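Q: Hi! I have a model open and could use a hand reading it. Can we go through a few spots together?

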Amino acid sequence: MLAMLVATLFAAAQTPELLSRQRALVRLDQPATYLLIPVEEQGMNATVNVLGADNRVMQSFSVRLAVNKVDYYVPLEIKDGKVLDISVRFPQNDERNIRDFACWEELKYSNTFDTTNREKFRPVYHHTPAYGWMNDPNGMYYKDGVYHLSYQWNPYGSMWGNMTWGHSTSRDLIHWETQPATIWADGLGSIFSGSAVVDKDNTAGFGAGAVVAFYTSAGASQMQSMAYSTDGGRTFTKYEHNPVLTLPVADFRDPKVFWNEDVRRWNMILAAGQEMRIYSSANLKEWTYESSFGEGYGAHGGVWECPDLMKLPVRGTGQQKWMLVCNINPGGPFGGSATQYFIGQFDGHKFTCESAPEVTKWMDYGKDHYATVTFSNAPEGRHIALAWMSNWQYANQVPTMQFRSANSVPRDLDLFEYQGQTYLGVMPSKELLALRGKVVKQPTQTCEIVVNLKNNTQITLANAKGEQVTMTYDAKARTFSMNREKSGDVGFSEAFPCETVAPVYGSLKQLRIFIDRCSIEALDAEGKMAMTNLVFPSEPYNTLTVKGGKATIYEIN
C-alpha cells in the first residue's frame, strides 16, 4: 500500500528570525513541494501558522518540534505559503529559548516525501495510514466497485491532534491505496468523525449519485457540517450553509446518516453526551429531531460516541431486527474504550430496545476494538464493519512512530438467537479467504490459524524470547480468554498487560485467528464471539502449541 518515494533534498532552511524566546519566523524561500519538519515524539508542542500573500493565515496546525533529537519528519505542502509563524508556550519557570531547538538545523526542502515502511510492527493486510496518527474510521461507503475509507488523521505527527479526514480506497477490503485527504479543518474547527452516503436519487440537489459526507466541526463547540462530492469522492465541497445541525451540548458529535427504506427518508443518529439522538430529513440539509435513546440502558462509564443504526437478519427465523451501535470511552469491559450494541426495533422515529436496561452486550471482548462503524451502500445488502484497533488508555504510547494505529479486519454483521436473547453475529468477511496461502507448519508474523476445538482447548503462541500469548476455550464455563501479559513489550502502559474474557453463546467449534505483526484477532467461525488484542513481541511468534484441538496454519503474504 505504501508509496516508495526517494526524497530529493535541498539545502536546509535558513536560520529562523527570532521574535521572542517563544516565537520565530521561517521564510519559505525555496521552490520546493514540501518543507520536511523534524519531529521529536517528546518534543515541544508548537503552533504553526502558514502565512500567504498579505500575511493572511492559510493554515494552522500543531507539531511536536524536535528539541534534542529527530525521531522522524512530517511533510508540510508549501503551496502558496510564504512564511511560517511558529510559537511555543513554555511552562512557568522554564527558561529555554526556541532558538536552541534541534529542529532548525534539520528543516529541509524536498519535492517528494519518503513513506517507505520503517516500522517492524506495521501490519501487512490491515489498513494503516502511510504516516501519522489515525483513529476512528470515517466516511465509509462503496461506489462503482470501490470501497472508500476516510479516517481521523493527524498528518503532522504520530499522536492525536490536527484532526482531518485521511482517505484510502480498496477494491477488496484488504489492499488499500492512500489517496489525498478529503476534508480539512476550517474556521468552524477540526474535522471530527462522521459518515458518507451515496445520494442515488439526488435528494440533496447536488446531482444523482453525489457522495454526501457529514462530519463534526469541533471548535469551541461541536456542531454538524456537510460536504459533497460530484467526482466519486476524490474531492469535496463544503456546504455553504454549514453547520446544518447545532445543539448546546459539549459532546455532540459523530453523525451517522443512512437511507431508511421503511419510511423513505434519511435518518441521522449521533452522540450527545451519554445518549444517542435521532433525526430525519428528506433532503440531507434540513433535519428534524425525532427521539433520543440511552438513558438507563447499557454501560455509562464514559462518553457515548460513534453510533450506527442498521436493520439485520436474524439467522434461521426469516425476521429482521435493528441494531444500534454505541462506542463508549472509558467504560469498556476491560478498561478504556469498547463497542457496545443494543437490539430492538426502529420505526424511523424511535428506537426501542428489547433487552432490559441493565443488560450490556459487547461487540468484541478484546481491549483493542473501538469506533466500530459500517460501510454505506455496501454490495449484496451486506453490513461490513471496521474498527479502530487500539484503546484510548495507551493509543498515544504504543511502540510505533512512523505511523500509529490500524483498522481491524473487515467483518460482516448479522444476528442470532440464544436462550431467548438476540445477539450480534460477527463473521470474518469473505474477502479474507482470498488471503490464504500455502499451509505451513509454524506460525509466522502474518498468518491465519484455523483451530478445530474440542470441549476444552488451550492455544499458545510463543517465541524464543519466552514471550507468549495464551488463548483458552472453557466449554463448561462457556468462556474464551486471551492472555497477553507476557506477549512482548507491555511496559509502555500499565493498562496494556491483561487477560480478556468473552462469554460463549453455545459452543465453539472452530476459531479463525488472524495474526498480523502487532495484532491477534480471534473470531468464532460461526460469528458468535470476537476478540481483538494488540501485541508487540520482540520477535515474531514462531511456535504454536494446541492442547485439546487441531490447528491448520495458512501463510499470508
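Q: Where is serine 376 found?
A: This is a predicted model, where local features need pLDDT of at least 70, side-chain atom pairs count only at pLDDT 80 or more, and totals for chains, interfaces and linings use all residues. Residues are numbered from 1 along each chain as its sequence is written, and side-chain values use heavy atoms, with hydrogens and water left out. Serine 376 sits in the loop between strand 26 (370-374) and strand 27 (384-388). Strands here are DSSP runs (E, at least two residues), numbered from the N terminus.

Q: Is serine 376 buried or exposed?
A: Buried, with a relative accessible area of 10%. Buried means under 20%, exposed over 50%, and partly exposed in between, using a 1.4 Å probe and protein chains only.

Q: What is serine 376 in contact with, leaving aside neighbours within four places in sequence?
A: Its contacts (heavy atoms within 4.5 Å) include Met140, Tyr141 and Lys256.

Q: And which residue is the bridge partner of tyrosine 141?
A: That is histidine 148, in strand 10. Strand 9 (residues 132-143) and strand 10 (residues 146-154) run antiparallel and are joined by seven bridges.

Q: What order do the strands of that open sheet take?
A: The order is 12-11-10-9-28, with mixed pairing; two strands pair if DSSP finds at least two bridges between them. Strand 12 (177-183) and strand 28 (403-404) are at the edges with a single partner strand each, so one side of each has no neighbour in the sheet.

Q: New topic: how many residues has the largest nonpolar core?
A: It has 71 residues, and Phe351, Phe480, Ile513 and Ile520 have the most contacts inside it. Such a core is a set of buried Ala, Val, Leu, Ile, Met, Phe, Trp, Tyr and Cys residues joined through side-chain atoms within 4.5 Å.

Technical notes:
Helix = DSSP H or I, 4+ residues; strand = E, 2+ residues; numbered from the N terminus.
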